[in-house]
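I opened the notebook to look up a few backbone and strand details. Here is what I went through, in order.

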Amino acid sequence: MKLDRYGYYLFLGYGDYHRPDKAGPDWTSAWNLKEWERRLDRLQKLGTNILYVFMMGKELPFPSQAFPEIVEKGHTNVENEFFQQVLDSANKRGIEVIAVFATTGHAGELVKHRPHLEIKPRPEGSEASTAHLRAFPKAEAERAIHHRAGTAQVGSGILCHHQKEAQKYPLTVITECLTRYKGFSGVVLHPPEFVSACFCKDCQAMYKKATGNDLMQASDDEARRFFMDSNLEFQKNVLEPKVDELLPGGKSFMFTIPWMFEGHFEEFERWIDKDTIIVDWDYDVAEERMAELQGRLKRYGKYGHEVWFMPSSGFAYGPDYTEQEAAVRKQVSLAEETGVNGVVYFMGPVWTRHLEPSSYFLHGAG
Ligand SMILES: [Zn+2]
């Protein structure tokens, strides 16, 4: 084992997943403190020393004062708040806890209450109105279209960060969480997983100012590049100073959005602080995809950032589990070879059946 940090990523609530018809006992939204402690014991036995916890989502899994209309009703931590004890309990087991915030994405419930904050896609009938899905990985595009209970959603509930009121949403939730719960060792800022860029009047004006050109005439890829670039500028100038103020000295992480970062990373890099750890996020274990992994990790490390890797620990698997569990272990050993310092397996809103089989800690490299 060369990895310095090894752990998992769990959601406190449903996150960006559609609420399943029947949430079984493995869904985190159903866990009480005792259940969290039982699961932390298992993670500790696997050598876990870091845990990401997603504190946002379509709904909020804590009793938010600022956004009571989108609090996850029936969530155990809403009914009888205990998350501070989970934090304490993890820290006592030698597991650092990192809060994950999805900034201006995944705000599915908020936009039901405040539709004016949602992005305005290109008007129907204009030249490229449907072309925006083509450049996306096939699975992502399909997930964006088919909303099923218990599955993730991509491109839904995206706020336009050029609206001041939209900026206040992540700023306020981050403030509430970091004030309410003590003991986080750091923060992950997760840029929005958008499908379409925004074409509202403000975005058009900002694009004109930045490039001299007309946003409505830009290609889909160029419009998305601008949307992500200006979103990262907002993240750096507005959200990061707030995190620094509330969690001084905390570790700083950022997830990549594969279909945006792989096309434009060198340009976006100027908005990412050197002490921010870039977490390459990829669940695809197809051979041709895995062949690109080491090159990509090296590319992200070229500017001096520490780079970590986040594979799936099983939630998104197809039917051939054994093969895929081995593939995930291979993915992790490839990442380790490139010198990443940390690997954090994605679990999401539901505990995986593949915890032990996919564990690098139990099986070692390859
Ligand atoms: Zn806009």
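Is His106 buried or exposed? I found His106 to be buried, with 27 C-beta neighbours inside 10 Å; buried here means 20 or more other C-beta atoms within 10 Å of a residue's own, exposed 12 or fewer, partly exposed in between, with C-beta atoms placed from the backbone.

Some housekeeping first. This is a predicted model, where local features need pLDDT of at least 70, side-chain atom pairs count only at pLDDT 80 or more, and totals for chains, interfaces and linings use all residues. Residues are numbered from 1 along each chain as its sequence is written.

Back to the loop. I placed His106 between β3 and α4 and noted its positive phi of about 55°, although it is not a glycine. Thr103 lies in the loop between β3 (96-101) and α4 (110-113), and its phi is positive too, about 35°. Most residues other than glycine have a negative phi. Thr103 is buried, with 26 other C-beta atoms within 10 Å. Helices (H or I, at least four residues) and strands (E, at least two) are DSSP runs, numbered from the N terminus.

Next, the strands; a pair needs at least two DSSP bridges. I saw β4 (residues 184-189) run parallel to β5 (residues 251-255), joined by four bridges; Gly186 has Lys251 as its bridge partner in β5. Strand β5 also pairs with β6 (residues 276-281), parallel, over four bridges, and Phe255 is partnered by Val279 in β6.
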